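Hi,

Here is the structure I promised to pass on. Have a look at it first, and my notes follow below.

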Amino acid sequence: KFGDKKLVVITGTSSGLGLATTKALLRTDKYHVIGGVRNLEKMAVVAEEEGLNLEHFTPVHLDLASFASVHKFVEELEKLRGDRPIDR
């Protein structure tokens with residue numbers, strides 16, 4: 001799924017710095033971004049409006065105010081990445 005792309009995780013990818021960082025990384029064509037967002041429906045609209053390449057961007061639900069949500073996000077992240085490291 002990720003090919004030769006580096007794998008990164010960014011929170012808050014539907015707006016602000018998270019979105020700006022996601023767009024910048026995707027423009028380089030070197031990264032696959034897993035984006036943690038509270039509202040997946042909003043993220044879908046933003047992704048379409050901003051022209052995010054969904055082949056290299058995977059939104060995953062994450063509410064940092066909820067420990068249960070963080071735990072579920074980590075489980076989903078582990079499934080997605082398999083044995084791939086998360087690049088720094």
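What pattern does the chain follow, read along the sequence? It goes β-α-β-α-β-α, with three helices and three strands in the chain. Helices here are DSSP runs of H or I with at least four residues, strands are runs of E with at least two, and both are numbered from the N terminus.

Before the details, a word on where this comes from: it is a predicted model, so local features need pLDDT of at least 70 and side-chain atom pairs count only at pLDDT 80 or more, while totals for chains, interfaces and linings use all residues. Residues are numbered from 1 along each chain as its sequence is written, and side-chain values use heavy atoms, with hydrogens and water left out.

**The sheet**

The three strands form an open sheet in the order E1-E2-E3, with parallel pairing. Two strands pair if DSSP finds at least two bridges between them. Strand E1 (6-11) and strand E3 (57-61) are the edge strands, each pairing on one side only. On average, neighbouring strands of this sheet are turned by 20° against each other, direction ignored; the axes are lines fitted to C-alpha atoms (for helices over the stretch in contact), and angles run from 0 to 180 degrees between N-to-C directions.

E1 pairs with strand E2 (residues 31-37) over six bridges, in the parallel sense.

The chain crosses from E2 through H2 to E3 in a right-handed β-α-β crossover. Right-handed means that, with the strands pointing away from the viewer, the path from the first strand over the helix to the second runs clockwise.

How enclosed is E2 by the rest of the structure? Largely, because six of its seven residues are buried. Buried means under 20% relative accessible area, exposed over 50%, and partly exposed in between (1.4 Å probe, protein chains only).

**A loop residue to look at**

Ser-14 lies in the loop between E1 and helix H1 (16-28). Is Ser-14 buried or exposed? It is buried, because its relative accessible area is 14%. Leaving aside residues up to four places away in sequence, Ser-14 touches Leu-19, Val-37, Lys-42, Met-43 and Val-46, where contact means heavy atoms within 4.5 Å.

**Whole chain**

The radius of gyration is 12 Å, which agrees with the value near 12 Å that a compact globule of 88 residues would have. That radius is taken over C-alpha atoms, and the globule rule is 2.2 Å times the number of residues to the power 0.38. Along its principal axes, the C-alpha trace spans about 35 × 30 × 20 Å. Of the 88 residues, 34% count as buried. Among contacts between residues at least 6 apart in sequence, 63% join residues at least 24 apart.

Cheers
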